[in-house]
Amino acid sequence: MLSIQPMPSSSLLSQVDKEKLPKHIAIIMDGNGRWAKKRALPRVVGHEYGVKSVRTVAETAAKLGVKFLTLYTFSTENWNRPQLEVKAIMSLLVRTIRKEVATLQKNNIRLRTIGDINALPADALKELKEAMELTRNNDRMDLVLALNYSARWDLVQAAKDIARRVKRGELDVDAIDEKVISESLNTGNLPEPELLIRTSGEYRISNFMLWELAYGEFYFTDVYWPEFDQEALYKAIIDYQKRERRFGKTSEQI
Ligand code: IPE
Ligand code: IPE
Ligand code: MG
């Protein structure tokens, strides 16, 4: 008797249109804590399993041909978590970079950051700087970690930067336009993400890329971040590719 088999993974991949890939995918990786809680494990274990997803998603995105992958890793507001958890996340960051830098290099992936990284613990900063320096010339994909990042923080630092340039006489007030603001942001040399993914069934932006996502497509999934795998990424991209991006125009104009 014939039975209906679940769709093999290759058929999901075959639905991805390689010609219409988002150039930049940004992800709010959420649900590590709840994933752990569901298994009666400490939250930190959730973060550790979350690293596996980072590895899988970065590799899958690079293989597909995505050029920029930004991962919201630690927000400005995350400092308000219990100090033990903050410490554990920072230590995980150090260990992960140390362990993965060779793989990044092998896969020709450049590591970058957005956010106020100078306020990170010294060992994390050192590890990050070394990894960024080592992978500086890689050009297959940029893996951008948002660390001690929040969009409002970025807008404030951009406003200060612009004000200083005006004060020094380098910039005319009337020359301030969207391009000047975009370029003053930490994300200044990144294209705007076409696709934003948030895991764990939360439907909010949590102070992430408020400016850059003005016309981004949002994809929400109930999957907790530690369970977000290759297939989940394909699904998000397939969903994105079915959308019509109108940028204020009518459907007929597209
Ligand atoms: C995302 O998972 C990781 C970080 C924000 C650092 P959470 O730790 O927010 O997991 P939940 O939302 O509590 O389940
Ligand atoms: C957003 O997740 C920040 C990161 C993924 C790093 P949170 O779990 O901190 O967001 P809220 O608090 O639920 O909005
Ligand atoms: Mg969360």
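The largest pocket is lined by 43 residues, with Met 29, Asn 32, Val 54, Tyr 72 and Thr 73 nearest its centre. A pocket here is an open set of points on a 1 Å grid over the protein atoms alone, where a 1.4 Å probe fits, with protein on both sides within 12 Å along at least five of seven lines; lining residues have an atom within 4 Å of a point. The model is predicted: local features need pLDDT of at least 70, side-chain atom pairs count only at pLDDT 80 or more, and totals for chains, interfaces and linings use all residues. Residues are numbered from 1 along each chain, ligands from 1 in the order written, and side-chain values use heavy atoms, without hydrogens or water.

The volume of the largest pocket is about 920 Å³, taken as the space filled by probe spheres set on the points. H4 contributes the most to the lining, 10 residues. Helices (H or I, at least four residues) and strands (E, at least two) are DSSP runs, numbered from the N terminus.

Ligand 2 is surrounded by residues including Tyr 72, Thr 73, Arg 198, Arg 204 and Ser 206, each with a heavy atom within 4 Å. Polar side-chain atoms approach its oxygen atoms at 3.3 Å from Arg 198, 2.7 Å from Arg 204 and 2.6 Å from Ser 206.

Arg 198 also stands opposite Phe 220 in E6. Strands E5 (residues 195–198) and E6 run parallel, joined by four bridges; pairing requires at least two DSSP bridges. In E6 (residues 217–220), Glu 217 and Tyr 219 share one face and are buried, that is, under 20% relative accessible area with a 1.4 Å probe, protein chains only.

Methods: Buried means under 20% relative accessible area, exposed over 50%, partly exposed in between (1.4 Å probe, protein chains only). A polar contact is a pair of N or O atoms within 3.5 Å; within protein, one must be able to donate a hydrogen and the other to accept it, and residues adjacent in sequence count only if both atoms are side-chain atoms.
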